[in-house]
Amino acid sequence: MSVTILAIESSCDETSASVCRDGVILSNRIANQTVHEKYGGVVPELASRAHMQNIVPVVHTALREAFPLASDPVEILQTIDAIAFTQSPGLIGSLLVGTQFAKSLALSLQVPLIAVHHMQAHVLANLIAEERPEFPFLCLTVSGGHTQIVLARSPLDLEVIGQTIDDAAGEAFDKSAKLLGLPYPGGPLIDKYAKEGNPHAFPFAEPQIPGLDFSFSGLKTSVRYFLQKQTPEFIQEKRNDLCASVQHTIIQILLKKVKKAVRQTGVNKVCIAGGVSANSGLRKSLQEMGEAQGWQTFIPAFEYCTDNAAMIAITAYYKYHAGQFAGLEASPSARAEW
Ligand code: KG4
Ligand code: ZN
């Protein structure tokens, strides 16, 4: 039996909708919110309002793109077998918009509802490509709010075996960028300038955290203290070297723990996921480390790294087949353990 799922993602500042048929992504539309740039971070109230404005057009275009030959939107909606949405974690006002929209649509179409955990979905984004990892695999999930090493035994059996004890890797990028006078979100800009810089120009301290956990707050402090002693001219002139050095330190912190996780678990298939996995330095370093260590590495396409509904759709596809449906009383949650 063929299964078509419409998925909605609205956990932070991207409104996204995707259609997936039998595990194949037919469309993945993403509306970015630029309104936050001038505030140096996501403003929750503004994010919720932008989701309200974006959600109908984004869903509409995702459906149209998935079924280009259909002329009638009602005809398209009748082919949908389930509605999926991001339930947690995220900004509560943002999650509420997607949740309410998904529930209303499921109710009116009389189809089941599937609630998806955003961080699990980031991991399963690695199952979208044709060349996908076999289970078990390890996934380094690095986003604006999380940094985790996940042991994936099957699509719905995921275990966090290491995580950050303070800032996330994305925060380390964004906060360092802010100290360098770059606008939000600074991660992609550090990536851009780092390409022209020397990664060994400024050695920033790496934390000594036991086990598979991470810490990034020390790096932020070390960047701040260093910059406080420099003139604005120096910072401007050395921008590329500073970006390359910060990025190099973050990558070292991440990959050292991945190496340790492979050693501890004996699992040598390694994926990355989350917004920071769009970082070109991290992608390259993981691939090189994989080649040197004899691992199989998997890196999702850019559009499936940052927040997107295709990863919600693929997760929902596995939940549909496992019979894991949500009731119409389902409500979002800002924080969620798994
Ligand atoms: O997964 P995501 O889109 O949203 C969350 O769930 O947090 O991740 C956003 C984070 C931000 O911190 C952003 O700066 C970072 O991902 N990011 C990058 C790059 N692209 C996005 N960091 C470094 N290099 C990039 N190219
Ligand atoms: Zn995310």
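The tour below goes through the ligand sites and then some points of the backbone.

**Around ligand 1**

Please keep in mind that this is a predicted model.

| Residue | Protein atom | Ligand 1 atom | Distance |
|---|---|---|---|
| Aspartate 174 | polar side-chain atom | oxygen | 2.6 Å |
| Glycine 275 | polar backbone atom | oxygen | 2.9 Å |
| Glycine 187 | polar backbone atom | nitrogen | 3.4 Å |

How much of ligand 1 does the protein bury? Taken alone, ligand 1 exposes 560 Å², and 88% of that is buried by the protein.

**The zinc site**

Ligand 2 is a zinc ion, coordinated at 2.1 Å by His118 (NE2), His122 (NE2) and Asp307 (OD). Along the chain, these donors follow the spacing H-x3-H-x184-D. Histidine 122 sits in helix H4, while aspartate 307 is in the loop between strand S10 (296-298) and helix H11 (310-321); the pair is 185 residues apart and links distant parts of the chain. Both histidine 122 and aspartate 307 are buried.

**A buried serine**

Serine 215 belongs to the loop between H6 and helix H7 (217-228). Its relative accessible area is 9%, so serine 215 counts as buried. The side chain of serine 215 makes a polar contact of 2.6 Å with the side chain of aspartate 166.

Which residues are joined by a cis peptide bond with omega of about -20°? They are serine 88 and proline 89, and proline 89 lies in the loop between strand S4 (82-88) and helix H3 (92-109). A cis peptide bond also joins tyrosine 184 and proline 185, with omega of about -10°; proline 185 is in the loop between H5 and H6.

Aspartate 22 is not a glycine, yet its phi is positive, about 50°. This aspartate 22 is in the loop between strand S2 (14-21) and strand S3 (24-32), and aspartate 22 counts as partly exposed because its relative accessible area is 34%. Glutamine 110, also not a glycine, has a positive phi of about 55°. Glutamine 110 lies in the loop between H3 and strand S5 (113-117), and its 65% relative accessibility makes glutamine 110 exposed.

Key
Residues numbered from 1 in each chain as written. Chains lettered and ligands numbered in written order. Predicted model: local features only at pLDDT ≥ 70, side-chain atom pairs only at ≥ 80, totals over all residues. Heavy atoms only, no water. Polar contact = N/O pair within 3.5 Å; in protein donor to acceptor, adjacent residues only side chain to side chain. Areas by Shrake-Rupley, 256 points an atom, 1.4 Å probe, with all protein chains shown as cover. Donors = N, O, S within 2.8 Å, 3.2 Å for Na, K, Ca; no water. Helix = DSSP H or I, 4+ residues; strand = E, 2+ residues; numbered from the N terminus. Buried < 20%, exposed > 50% of the residue type's maximum accessible area, 1.4 Å probe, protein only.
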